[in-house]
Amino acid sequence: MVNLETLKSLELFQDLNKEQLEALQRHAYTEQYSRNDRLFREGDPAQQLWIETDGQIDLRFELPGQNITSDEQTIQSIEARPLEARVLGWSCFVPPYKMRLSAYCVTDTCSVIKFDRDALLKLFEQDTNMGYKILSFMIKVVGYRFHEFQDELAKHLGQDIMNTW
């Protein structure tokens, strides 16, 4: 079982009261991964919300027809940075409910807290205030990731332009 204080410390849940945290705690579980483990693959069904709590995870795009990925395909690295950047699997709330990227553990170990989407949605139906707060935070995560992607793309496009001069 995930410690209540651990849940409370995560930015995603800081606006929740003790009863809401306890309800979430009943549905939270942890998983460990080792270096080079793939946590999920682009296109997999998105059925859980993931929160990285230890280690570093790279989000990568997969090249069609290849079973191997590399650092060069990394879109974003998620590690002990702002907690909002540590949330994975937001696709579980967005049709078509498929993972948008692949995730790989790139440190010796990675730890995640996971919640099954269906359990969360039932909680949100029972406590719409909790659902509103968590889904509002998810919108911030998506926006944050989009802006990071834009910045990274602009940096690479700028380098390409400079290389052609």
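Q: Hi! How many salt bridges does a search of the whole structure find?
A: The search finds 6 salt bridges, each being a side-chain nitrogen of Lys or Arg within 4 Å of a carboxyl oxygen of Asp or Glu. This is a predicted model, where local features need pLDDT of at least 70, side-chain atom pairs count only at pLDDT 80 or more, and totals for chains, interfaces and linings use all residues. Residues are numbered from 1 along each chain as its sequence is written, and side-chain values use heavy atoms, leaving out hydrogens and water.

Q: Which residue does lysine 114 meet in a salt bridge?
A: That would be glutamate 31, with 3.2 Å from N to O. The pair links distant parts of the chain, 83 residues apart: lysine 114 is in strand β8 (residues 109–116) and glutamate 31 in strand β1 (residues 28–34). Strands here are DSSP runs of E with at least two residues, numbered from the N terminus.

Q: Is lysine 114 buried or exposed?
A: Lysine 114 is buried, at 6% relative accessible area. Buried means under 20%, exposed over 50%, and partly exposed in between (1.4 Å probe, protein chains only). Glutamate 31 is partly exposed, at 24%.

Q: New topic: what does arginine 35 form a salt bridge with?
A: Its partner is aspartate 108, and their closest N and O atoms are 2.8 Å apart. Arginine 35 sits in the loop between β1 and β2 (38–40), while aspartate 108 is in the loop between β7 (102–105) and β8, 73 residues apart.

Q: And how does aspartate 108 count, buried or exposed?
A: Aspartate 108 is exposed, with 57% relative accessible area, whereas arginine 35 is partly exposed at 42%.

Note on methods
Helix = DSSP H or I, 4+ residues; strand = E, 2+ residues; numbered from the N terminus.
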